[in-house]
Structures are given as C-alpha cells and as structure tokens.
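Hello,

Here is the structure I said I would pass on. My notes on the findings follow below.

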Amino acid sequence: MIPNGVEDEDKFLSAGIAGLQQNAFYMHRALDSNNLKDALKYSAQMLSELRTSRLSPHKYYELYMRAFDELRKLEIFFKEETKRGCSIVELYELVQHAGNILPRLYLLCTVGSVYIKSKEAPAKDILKDLVEMCRSIQHPLRGLFLRSYLSQISKDKLPYIGSEYEGDADTVVDAVEFVLQNFTEMNKLWVRMQHQGPAREKEKREKERSELRDLVGKNLHVLSQIEGIDLEMYKDTVLPRVLEQVVNCKDEIAQGYLMDCIIQVFPDEYHLQTLETLLGACPQLQPSVDIKMVLARLMERLSNYAALSTDVLPEFFQVEAFAELNSAIGKVIEAQEDMPIAGVVTLYSSLLTFTLHVHPDRLDYVDQILGACVKKLSGKGKLKDSKATKQIVALLSAPLEKYKDIDTALKLSNYPHVMEHLDDATSKEMANVLVQTILKNKTCISTAEKVEALFELMKGLIRDLDENLDDELDEEDFKEEQNSIARFIQMLHNDDPEEMLKIICTVKKHILTGGSKRLLFTVPPLIFNSLKLVRRLQNQDENAPEEEVSSMPKKNFQILNQIIEALSSVPVPELALRLYLECAEAANDSDLEPVAYEFFTQAYILYEEEISDSKAQVTAIQLIIGTLQRMHVFGVENRDTLTHKATGYSAKLLKKPDQCKAVYSCAHLFWVDDQDSIKDGERVLLCLKRALRIANAAQLMSNATRGSSGSVLLFIEILNKYLYFFEKGVTQITVASIQSLLELITTEMQSENKTADPTADALLASTLRYIQFQKDKGGAVGEKYESIKS
C-alpha cells in the first residue's frame, strides 16, 4: 500500500501539472496572436506552479522540466518580437513587473538570454545582473532549480576569449566570476537543504540531496569547458575559490561529491601543477568524508596520465608528486585515527599503482610504501576483514604485474612482512599469484637464497597452514595448485653444481614439511631436477682428470634416497619404486655400483612388502626387468643376485599369462647386445622353455575350467622371442626348436576346442610374414631363416 505522504505528493504534482498545462495553453494562444501582454500574464501564472513547497526533489524536477519546455517556446517568441521591432531593453524591464518573485526571475532569465544574443548590452553586465537578482530566492529547492535554469541558458553565452559575446574586455575573468558565483550560491542552497525538517528525516533528506547533486556539479563542468582558463588562472583563482567553498560548507555529502567533481572535470596537468593546493584541502574536510576514495581517484587519474606518455614524467618529478601524495596520505591517516584498515590499504595500494607508473625504477619508493603499510598493520595480527585482505592482495600483486619478475619482488624487504598479515586462505591465494607469475614469465630462480625466500612467501601452497582449508578445497583445485608447484620446482636451475645442490636441499627442506597429500606432487619433480644435475656432473666428470672427479653425485644420491623415503608416509609404493629405478639408472650412468645396487634393493623391498595388487605387480616387474636389462655397472655377483630375484618374482605372479610374459621378458636379462659379459644362451633358453611350460599350463587350466583350450596368443608371443634371440645369434635357439613351436601353434590353431581370438590370428599372420620377409631378404640372415618352414 502506498503511504499517504506519497499519495498526497502525487496529487500535488498532478494539480501542479494541470495548472501549468492550463496556463501554457492560454500562453500559446497569446503567442499565436502575438499578444505580448497576455503571453507574459499567462507565462507568469504558469511559472507560479513552481512556487510549491509540497513536492520532493524528484517530483519537483518533473514539474520543472515541463515548465522548462514551455520557456523554450517563450524564448523563441521573444526573439521574434525583437525582430518585429519590440525593444529588448523595454522587454527586459517589462518582465520585472510580474507579481511574484519566482516567475519574475524565470522570465527575466529567459529574456536575458535573448538580450545577450542581441548584443545590445555587454553579456557580462546582463549575467552579473541575473546572478545577483537570483539571490532573492533563498528557498533551497526553488533556488537550486532557478539557478540551474540560469546556468542552462547562459552556458553558450559566456563572455570568454574567442566567444562572440566577449565584448571589449578581452578576458575570461567575467565568465569565470559568473560561473563561480552561481556555483557558490547553488552549493549554499544545496547544503542548507540538510538542515531543514526534523532530525528523523535525515536519511530521506540525504537521499533527496544526492538526487540533486548534479545540478551543482554541472557548474564545475561548465567552468572546465571555458576557453581561456589557463594554468595560472586555474591555480590563482579557480581552484582556490572552489576549494574555499568546498571546505567552508562543512558538509560531508557536498565535500565528498565536489572533491570528486574537481578531480574528474579539470585536466590532469592542472591537477599535477596544483597538487599541493588540492592535497592541502584534504585534511580540512569533515572526518566523515571518504577521503581515501578522493585520493584514490586522484592518484588513479594521475597514474593514467603518466601511462599515456613518458614525455609527461618530468612534470611529475618537478612537482615531487610522490612526496606530496605520500605526505598527504600520512596526514589523512593520522587525522582519521578510526579509519578502517581496508581504507588505509586502499590508499597505499593507489599510491603504489601511481609510483609504479611514474617511478618504475625507484624500488625504494615501492618498499617505502610497503613499509608504511606494515607499520600501520603492526599489532593487528592476521586480518579477518575481507575488504582489507582483498586490498592487500591488490597491493602485493601490483609490483608483480608491473615488473613481471619475481626477483624484483624479492628485493623488497617489506614484501614478506605485508604477507604475514594475510589470513591462511588469502595467503594461499597470494602464493598462487606468485607461482603463476613465475610460470607465466618463465622466470628462472637461480640461487638457494631466493628459493628460500620464495618458499617462505608460498608457504600457503607448500604446507598445511589450516587443515580445514584443505578439507574444503576442491580436489581438482588442489591438484591444479600442486601441479603449479611441481612446474615451478622443475624450473629451478643454476649452472653452478654446488649452488644447484643447495637449491635442491632448500626445496627438499620445505616440501618434506608439506604433508603426505602434497608429496605425491612435489617429490617427483624434485627427483627429476636432481637427476638432471647428476647427468650434468656425469658429463663434466667424463672430461675431467681422475683426481678431479667430483664427490657431489654421491651426495646427490643420498639426498635422492632421503626424498624418496619420505613417500612411505603417503604411501605410494608404485611411484616410489619407479623413482628408485630412475635413480638406479642414473647411478649406473655415473658408474656408482654400490649406489645403483642400493636403489635396486629398495625397489625390491617395496615390491615384496608394499605392492600386493596383481596388476601393480605386473607393471612393477616389467619396470624392474626393463631397467635391470639396461644396467652395465654391476659385477657378476650383484647382477646374478638381482636377476635371480627378478626371475623369481616373475614366476610367482598370480595369473599364469602374467607369469608367462614376465618369465619370457627375463630372457633379455641374460643376453645384452652391447655387453659381451652378459651373453648366456643357456639361461635364455631356460627362460623361454619355462615360459612355454607356463603357457601350456595356462592352456590346460583353460581347458579344465572352460572346456576350451583358450588362446594361443602366449605361444605366438614366445615364438617371437625365439625368433628375436635366434636372429641375435643365440646358438641354443635352433631352427628345430622354432619349427617345433610353429607346429605346436598350428596344431592348437586347428583344434576344435580353440577359442576364437582375432588378436592371436593377426599376430601369427604378422609373424609368418616377417619370417618370409627375412627369407626373401637373402644374405646371412636369409640363409638362417631359409630352414624354417612356415
């Protein structure tokens, strides 16, 4: 239901519009018949509707706009009258006989517009007369709209230099004086509105005043558009007069709005040259004025101005803009002791943005700002205010965005001290910003000292600051964060091996405190980065005299072992086994037999004690066999021990097919092409025969349980191994054994109990084609294959 006050207001507005339209009708009829007397009479009656005090600013504006449209038509009529011989001077005098002051002044302004255009009197005199006479209306609402009308009809008739209404004065002073006087009176009326009516309606009045603020602000816009206002006049006359009115009005709404208007409408270079004056007014404003927003907008404009061209930067240096702004911010913060932390950080964030645009080479200024922020935050602990933490993130992100170089941020001594005041969630967010900056710009961190500093800054991602945070974090987000850390670890590099080893130790120290969830992501990249160092050292040692061979690889392998052992807390035995095998291969390339043997031992222990899943065992065995086959560092005893273990593990796999594949793969452990010491044909044959027995057992089991002989795929795979070693020159692999196996496969393929297997059919066909291809090739290999009947 609409409140009674609103209903009454609508009635008053309807009545006012009706009266206005009725008198406008008679006025139009008088205009059409060129009856000046009646036109003035009815126009005055029409304008009397604006004398009401019963409407809110919003409703009054609606009534005013209808009257404004009619006054436009009346002004056209006055122009026509002057063309028909009517004296504009007499007309200017005539309208002053209207009975009521408000209609009289609206008519006077309308005729005054025509009077100025006629150029029968200097524009400055007419405008001065009008602005003085408008003082007669002291009712805030009516006075504001009357002066707004005066501003509207005069803005294109101001007597500035170059204007057609300039006259003989050849100066812009009169135009400036008129606008300033009108602005001053309008602001007084606007402020006076706040003090009318009961205290309980304060919020309502503030809302109404906010609706009217543009009427006052338009004067400053008009002022900024006047041609001829140079820097000197702005500095000596315009700005001091405007600021005097702003400060003296002692009204928080007016002060906040008008300071913003000044910053927005006047040129950037004027702000720069009058910075001291403008900033000097800030501490004089009411304590409730949001000065931080005023200063923030000023610094934003100046920052954008500086970003336009480097040519303007000397102007900033000349006026010592940084010192002025820094001092002003300090005074404002000191004057407003109860200013929220979010406001303080906003000010310093704006100053930092300004500094990065104007003084990008002055890191001492940047650090000074961060230091001032730390001083204000001291004793506050971790901030809980979301606005404040958001501003701190903006403050800390600004140098990263500007310099695109994490090294620069690390040079700022106060940077980590600011981060200390972030809560755990925001600290994590900021850490992510740091990592993404490094990854995006491909920054190489090359010293242990910098790595230490960075990990301290990124501790939100490295370890659990708050267990609840990680519980709430989405699994995908967590993986993305940790993958970023992994990429960062991979990027760490220094050409000096000793420094690189320090970096690895530093990273190790931090990631081992990261909790079991993170180790899964952070250990592998550190292992592989360490292995890169091992390879580099290996290349250096190959070219160095024997007495200069570095002992660093052994230290590195000790560290690698410690890092992998940390994975036992996760646990991820499959990953740990892979890493042990990678390290064993690196130790092999470095000719460190004891180290390689120890890594294999650890891998075997993991296999025996931790890996129980049959699929995981199959994968692990294949990895072990593949790695062991490439090892050349082992002596006979150590190799036999490891090989024996591998073949033993293969034979004990759960599924017969898996056993078979693992056992025939073990054959490669006894015949390595580039190692003459590892060519044991007897044991190769033994492995293959054992694989055949297992395959046969698998066939029998399939026949017993399913009533069919199952696939012959295993036999075909074993045939391929026979052919491989036959071709490699293993004398124990004879044509007869190959022929026998071929016949067995053929028999099984033709068996009635055979299970259809397209994969086996395709592999057999491919194998037979290969045998034929080798026959057709001729030469020594062709002769060997010639005896095989396929």
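Please keep in mind that this is a predicted model. I begin with the second largest pocket: twelve nonpolar, six polar and five charged residues make up its lining. That lining consists of 23 residues, and the pocket has a volume of about 460 Å³. Nearest the centre of the second largest pocket are Ser148, Gln152, Asp214, Leu215 and Lys218.

As for where the lining comes from, the elements that give two or more residues to it are helix 3 (57–83), helix 7 (140–154) and helix 9 (202–225). Helix 9 supplies the largest share of the lining of this pocket, with eight residues.

The other topic is the cysteines. The number of disulfides in the structure is zero. A disulfide would need two cysteine sulfur atoms within 2.5 Å. For Cys261, the closest cysteine sulfur belongs to Cys249 and is 12 Å away, so the two are too far apart for a bond. Cys261 is also buried, its relative accessible area being 9%.

Cys444 is likewise in no disulfide. The cysteine sulfur nearest to that of Cys444 is in Cys505, at 17 Å. Is Cys444 buried, exposed or partly exposed? Its relative accessibility is 38%, so Cys444 counts as partly exposed, because that class lies between the buried limit of 20% and the exposed limit of 50%.

Regards

Notes
Residues numbered from 1 in each chain as written. Predicted model: local features only at pLDDT ≥ 70, side-chain atom pairs only at ≥ 80, totals over all residues. Heavy atoms only, no water. Buried < 20%, exposed > 50% of the residue type's maximum accessible area, 1.4 Å probe, protein only. 1 Å grid on protein atoms, 1.4 Å probe; cavity = no way out; pocket = protein on both sides within 12 Å on 5 of 7 lines; lining within 4 Å. Points joined across faces, edges and corners; volume = space filled by probe spheres on them. Helix = DSSP H or I, 4+ residues; strand = E, 2+ residues; numbered from the N terminus. Nonpolar A, V, L, I, M, F, W, Y, C, P; charged D, E, K, R; others polar.
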